[in-house]
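Subject: Structure handover

Hello,

Here is the structure you asked about. My notes on it follow below.

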Amino acid sequence: ILAGDAFRLCRLRLDVLWPDDAGLPGEDPNLNATVIHARFGETDALLTADAESDVTRQLSLGSVEILKVAHHGSEDPGLPELLRVLRPRVAVISVGEGNDYDHPRPETIGALDDAGILEDTMVVFTSDNGLLLGEHGLVGKVVPYEESIRVPFVVRFDAMIPAPRTDERLALNIDLAPTFAKLGTAKVPDF
């Protein structure tokens, strides 16, 4: 998938903005992370994967309603400028709970607060399915064990979940997309 590729499914359109080439062996993979502009009806989203401002500042971008914050909310000095250009109403940060990098970084949270969208930022903590990958050293998340489909799931989204609450049940990977749609008040299309 390279810049210029486009995909359509019903009213959903995905336009690949980056990378413009496959990159070189040994090159930082974040410099070749896939950046996608998604449009569903009148709603635009910028999906940045791990591409931070060193990539996004090279792109011709306009305003969007939703920004998927790059690289799990790592520190990105160009994020304030990106927020000024995009003017998102909602930001989403996906990050592993208890990660070794202290993501999302305080600088990222500060940039979202300064842009006035912190209250509308959904921070999602999930797991990397560590039971299988970490504890047992297996090669992937697709092994046929119940543990490979169950993940811890924590959401911080002040706009819809003002008071902390705990539910001890584990979420399934398949639960994540409809949960995000519900939290974002989106109607899930019938296919």
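In this protein, 43% of the contacts with a separation of 6 or more are between residues 24 or more positions apart. The model is a predicted one. The protein has 191 residues, 32% of which count as buried, and its secondary structure consists of five helices and ten strands.

Core and helix H2

The largest nonpolar core holds 22 residues, and Val35, Leu67, Leu83 and Leu112 have the most contacts inside it. Two or more residues of this core come from each of H2, strand S6 (90-96) and H3. H2 gives the largest share, four residues. As a general point, nonpolar side chains in soluble globular proteins tend to be buried together.

H2 spans residues 79-86, and its buried residues include Leu79, Leu82, Leu83 and Leu86. These four lie on the same side of H2, because the arc they cover around the axis is only 100°. The partners against which the buried residues of H2 pack are S4, H1, strand S5 (66-68) and helix H3 (106-114). Beyond residues up to four places away in sequence, Leu83 touches Leu67, Pro88, Ala111, Leu112, Ala115 and Ile117. After H2 comes Arg87, with a positive phi near 50°.

Cavity

There is one cavity of 30 Å³ or more in the structure. The space in the largest cavity is about 60 Å³. Its lining includes Ala51, Glu52, Ser53, Thr56, Leu67, Val69 and Ala70, together with Ser74, Asp76, Leu79 and Leu82. At least two lining residues come from each of H1 and H2.

Thr48 sits in the loop that runs between strand S4 (43-47) and helix H1 (53-56). Is Thr48 buried or exposed? Thr48 is buried, because its relative accessible area is 1% and the cut-off for buried is under 20%. A polar atom of the Thr48 side chain is 3.2 Å from the backbone nitrogen of Ala70. Apart from neighbours within four places in sequence, Thr48 contacts Ala33, Thr34, Val35, Thr56, Leu67, Lys68, Val69 and Ala70.

Ile66 belongs to strand S5. Its relative accessibility is 29%, so Ile66 counts as partly exposed. Asp44 is 22 residues away along the chain, yet its C-alpha atom is 6.4 Å from that of Ile66. Setting aside neighbours within four places in sequence, the contacts of Ile66 are Thr43, Asp44, Ala45, Leu46, Pro88, Val90 and Val92.

Backbone points to check by eye

- Trp18 to Pro19: the peptide bond is cis, with omega near 10°. Pro19 is in the loop between strand S2 (12-18) and strand S3 (35-40).
- His103 to Pro104: this peptide bond is cis as well, with omega about -5°. Pro104 is in the loop between S6 and H3.
- Asp102: phi is positive, near 60°, in a residue other than glycine. Asp102 is also in the loop between S6 and H3, and counts as partly exposed at 47% relative accessibility.
- Cys10: phi is positive here too, near 55°. Cys10 lies in the loop between strand S1 (6-9) and S2 and is exposed, with a relative accessible area of 55%.

Regards

Notes
Residues are numbered from 1 along each chain as its sequence is written. This is a predicted model: local features need pLDDT of at least 70, side-chain atom pairs count only at pLDDT 80 or more; totals for chains, interfaces and linings use all residues. Side-chain values use heavy atoms; hydrogens and water are left out. Buried means under 20% relative accessible area, exposed over 50%, partly exposed in between (1.4 Å probe, protein chains only). A polar contact is a pair of N or O atoms within 3.5 Å; within protein, one must be able to donate a hydrogen and the other to accept it, and residues adjacent in sequence count only if both atoms are side-chain atoms. Contact means heavy atoms within 4.5 Å. The arc is that of the directions from the helix axis to the C-beta atoms. A nonpolar core is a set of buried Ala, Val, Leu, Ile, Met, Phe, Trp, Tyr and Cys residues joined through side-chain atoms within 4.5 Å. On a 1 Å grid over the protein atoms alone, a cavity is a set of points where a 1.4 Å probe fits but cannot get out, and a pocket is an open set with protein on both sides within 12 Å along at least five of seven lines; lining residues have an atom within 4 Å of a point. Grid points are joined across faces, edges and corners, and a volume is the space filled by probe spheres set on the points.
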